[in-house]
Amino acid sequence: MNWKVQPPTPLRALFPHTLWRMKNTDKTLYLTFDDGPVEKETGWVMDLLDSYDLPATFFCVGENAHRNEGMVQELLQRGHSVGNHAYNHLPAWKCSRRAYFNNIEKAADHIPGQLFRPPHGQLYPWYMKALSRQFKHIVMWDVLSMDYDHRLSKGQVLANVLNYARNGSIVLFHDSKKAWPRMHYALPAALDQLLKEGYQFKKLEM
């Protein structure tokens with residue numbers, strides 16, 4: 001197992017009140033995107049998902065939502081759900097508690113709903129109580145495509161998803177400029193194959 005792609009059980013156990021994988025017994029996947037909305041990349045993803053008639057969940061960076069006014073509403077109008085990914089993608093391990101929570105609050109001015117994904121997956125267990133008061137779900141992932149990593153080929157990113165997706169997986173791509181060269185190839189190829197394998201897709205409820 002590649003622990004970077006599919007986090008191991010001991011790591012998940014440190015954060016028992018977060019969502020890593022949905023408790024599905026049927027063939028259902030939960031497609032999620034981080035770091036948008038960005039006009040080109042997020043727009044392309046929305047159009048692609050429309051062509052498959054599939055919903056997804058977008059964890060938005062507040063400054064991007066602020067800069068690209070209207071895209072969060074467009075995501076919702078197209079049937080997707082959205083979540084808070086902090087205002088400046090601020091990692092918990094590199095700032096004070098006050099700065100971290102202020103950044104999340106600032107993002108909430110531009111991103112509705114009660115879903116939160118910590119930037120970089122960084123989170124202190126002792127932050128959980130405060131976050132749980134504000135958000136319905138703190139969402140991690142079961143399959144990380146690693147589309148942001150320029151050292152990986154687009155084929156390796158695709159393999160990460162296809163080799164590790166399973167019933168209930170929360171699958172993570174990025175609708176960002178950094179991930180674009182790999183995501184642009186791997187996302188439609190992954191959807192084609194996973195649909196052939198009989199998977200359905202659902203969004204996370206806000």
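The largest pocket is lined by 27 residues, and His120, Gly121, Trp141, Leu144 and Tyr148 lie nearest its centre. Keep in mind that this is a predicted model. The volume of that largest pocket comes to about 640 Å³. Sorted by class, its lining holds 15 nonpolar, seven polar and five charged residues.

Rolling a probe the size of a water molecule over the atoms shows where empty space is left. How many cavities of 30 Å³ or more does the count come to? The count comes to one. The largest cavity has a volume of about 40 Å³. Its lining consists of Leu29, Leu31, Val161, Val171, Phe173, Leu187, Ala190, Leu191, Leu194 and Phe201. By class that lining is 10 nonpolar residues, with no polar and no charged ones. E1, E7 and H8 each supply at least two residues of the lining. Which element gives the most to it? H8 does, with four residues.

So let me turn to H8. Helix H8 covers residues 180-196. H8 has 17 residues, and from first C-alpha to last it reaches 24 Å, close to the 24 Å expected at 1.5 Å a residue. The buried residues of H8 are Trp180, Arg182, Met183, Ala186, Leu187, Pro188, Ala190, Leu191 and Leu194. Leu187, Ala190, Leu191 and Leu194 were also in the cavity lining. The buried residues of H8 pack against strand E1, helix H2, helix H7 (154-164), strand E7 (170-174) and strand E8 (200-201). After H8 comes glycine 198, with a positive phi near 95°.

Next, E1, the strand of residues 28-34. Why call E1 largely enclosed by the rest of the structure? Because seven of the seven residues of E1 are buried. In a regular strand the side chains alternate between the two faces of the sheet. In E1, Thr28, Tyr30, Thr32 and Asp34 point one way, while Leu29, Leu31 and Phe33 point the other way. Leu29 and Leu31 are among the residues that line the cavity.

E1 has several pairings to go through. With E8 it pairs in the parallel sense over two bridges, and leucine 29 has phenylalanine 201 as its bridge partner there. Phenylalanine 201, like leucine 29, is in the cavity lining. With E7, E1 pairs in the parallel sense over five bridges; threonine 32 has leucine 172 as its bridge partner in that strand. E1 and E2 also run parallel, joined by three bridges. On the E2 side, threonine 32 is the bridge partner of threonine 57, and aspartate 34 stands opposite phenylalanine 59.

Strand E2 takes in residues 57-60. Thr57 and Phe59 point one way from E2, with Phe58 and Cys60 pointing the other way, and all are buried.

That leaves H2, which also packs against the buried residues of H8. Within H2 the buried residues are Glu41, Thr42, Gly43, Val45, Met46, Leu48 and Leu49. What covers those residues includes strand E1, strand E2, helix H4 (71-77) and helix H8. H2 is followed by aspartate 53, whose phi is positive, near 55°.

Is serine 51 buried or exposed? It is exposed, since its relative accessible area is 57% and exposed means over 50%. Serine 51 lies 94 residues from serine 145 in sequence, and the two are 21 Å apart in space, C-alpha to C-alpha.

Asparagine 64 counts as buried because its relative accessibility is 13%, and the cut-off for buried is under 20%. Leaving out residues up to four places away in sequence, asparagine 64 touches Asp35, Gly36, Pro37 and Val38.

Technical notes: Residues numbered from 1 in each chain as written. Predicted model: local features only at pLDDT ≥ 70, side-chain atom pairs only at ≥ 80, totals over all residues. Heavy atoms only, no water. 1 Å grid on protein atoms, 1.4 Å probe; cavity = no way out; pocket = protein on both sides within 12 Å on 5 of 7 lines; lining within 4 Å. Points joined across faces, edges and corners; volume = space filled by probe spheres on them. Nonpolar A, V, L, I, M, F, W, Y, C, P; charged D, E, K, R; others polar. Buried < 20%, exposed > 50% of the residue type's maximum accessible area, 1.4 Å probe, protein only. Contact = heavy atoms within 4.5 Å. Expected span 1.5 Å × (residues − 1). Pairing = 2+ DSSP bridges.
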